[in-house]
Amino acid sequence: MQEQDLERGIAARLNSGKRIIRQAGEKAKEYFENYETLEVEVKTSRQDLVSEADREVERLIRAEIANAFPLDGLVGEEHGQSEAESDYTWVIDPIDGTSSFLHGLRSWCVVIAVLKEGRPVIGIIYDPMTGQLYHAAEGAGAFRDDRPISVDFETPLSGGFFVVGASRPEQSRHVGQVIEGLLSAGGIHMRNGSAALSLAHVAAGHYLGFYEPQLSSWDCLAGLLMVTEAGGVADDFLVANGLSSRGPAFACAPQAAAQFRALTV
Ligand code: IPD
Ligand code: CA
Ligand code: CA
């Protein structure tokens, strides 16, 4: 299917989502330029932070969506859930990679997924520091700056870069074992601090695979759809976990997926 053949409701949300995410990204970038001056609050731990930037960027995204699609549902990391009165729900992470952002590192992004009747149909990830906009629509492929992208279909696990995320002490043993297995098999572990941006980079063929044992829907739905649409293998996060509970996220290029998966169980 081509993008011009998308259902009208999906096409309209994809167009608006791309506009809104750029606007949100520019606002986030303004905050980033003065990141040292932001007041930082601790959420669940000293590794789980939030600032005015996250809250205000999500507010902007929600306001723009409510204006364009007042009946659609919204789920966002910072401002919770409002129920849908239409078939559509938007899932928002205003800044994914907040730790990178608040430490002055450039690897963070804005993330929007759209569900239709509970199924992810759109994923959009904007990297404001490079100006690159990734998007995918169910059945219509994955794109960076409107040019088709695909996973790396050639490289075996032993030649690939993999992202293994973790941010909690209780994950240390499991994640340590995954990384040990990966390195022993000849893969290399790399991590940029943003699950969504990492998934976009799997979809674009830079990383070969991604795994994190505990993520939320707003971190990974957009990126998992993107990897599938780019020809990769990705878990169905919602079937396993639902919209509001945390769970594992896995995505990989097809030729390395079984071997990488075996390292994560
Ligand atoms: C986090 C990032 C990080 C991952 C964490 C997420 P946040 O999201 O995606 O890479 O390891 O599990 O919570 O807090 O920056 O939106
Ligand atoms: Ca996140
Ligand atoms: Ca976030």
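I began with D219, which is buried at a relative accessible area of 10%. Buried means under 20% relative accessible area, exposed over 50% and partly exposed in between, with a 1.4 Å probe and protein chains only.

Ground rules next. I am working on a predicted model, where local features need pLDDT of at least 70, side-chain atom pairs count only at pLDDT 80 or more, and totals for chains, interfaces and linings use all residues. Residues are numbered from 1 along each chain as its sequence is written, chains are lettered from A and ligands numbered from 1 in the order in which they are written, and side-chain values use heavy atoms, with hydrogens and water left out.

**Calcium, ligand 2.** Which protein donors hold this ion? I found D93 (OD), D96 (OD) and D219 (OD), at 2.1 to 2.2 Å. Donors here are N, O and S atoms within 2.8 Å of the metal (3.2 Å for Na, K and Ca); water is not among the atoms, so sites may look incomplete. The sequence spacing of the donor residues reads D-x2-D-x122-D. Helices (H or I, at least four residues) and strands (E, at least two) are DSSP runs, numbered from the N terminus.

**Calcium, ligand 3.** I listed E77 (OE), D93 (OD), D93 (OD) and I95 (O) as its protein donors, 2.2 to 3.2 Å away. Along the chain they follow E-x15-D-x1-I. D93 coordinates this ion and the calcium ion (ligand 2), and the two ions are 3.7 Å apart. I checked burial too. D93 has a relative accessible area of 0% and is buried. I95 is also buried, at 1%.

**Ligand 1.** Which residues come nearest? Of the 15 around ligand 1, I noted D96, G97, T98, G193 and E212. Near means a heavy atom within 4 Å. Strand 5 and strand 13 (209–215) each give at least two residues to the shell.

I then looked at polar contacts, pairs of N or O atoms within 3.5 Å. A backbone N or O atom of T98 lies 2.8 Å from a ligand 1 oxygen. For a polar backbone atom of G193, the distance to a ligand 1 oxygen is 3.1 Å. The side chain of S167 places an N or O atom 3.4 Å from a ligand 1 oxygen. Taken alone, ligand 1 exposes 380 Å², and the protein buries 89% of that. The areas come from the Shrake-Rupley method with a 1.4 Å probe.

Conventions. Polar contact = N/O pair within 3.5 Å; in protein donor to acceptor, adjacent residues only side chain to side chain.
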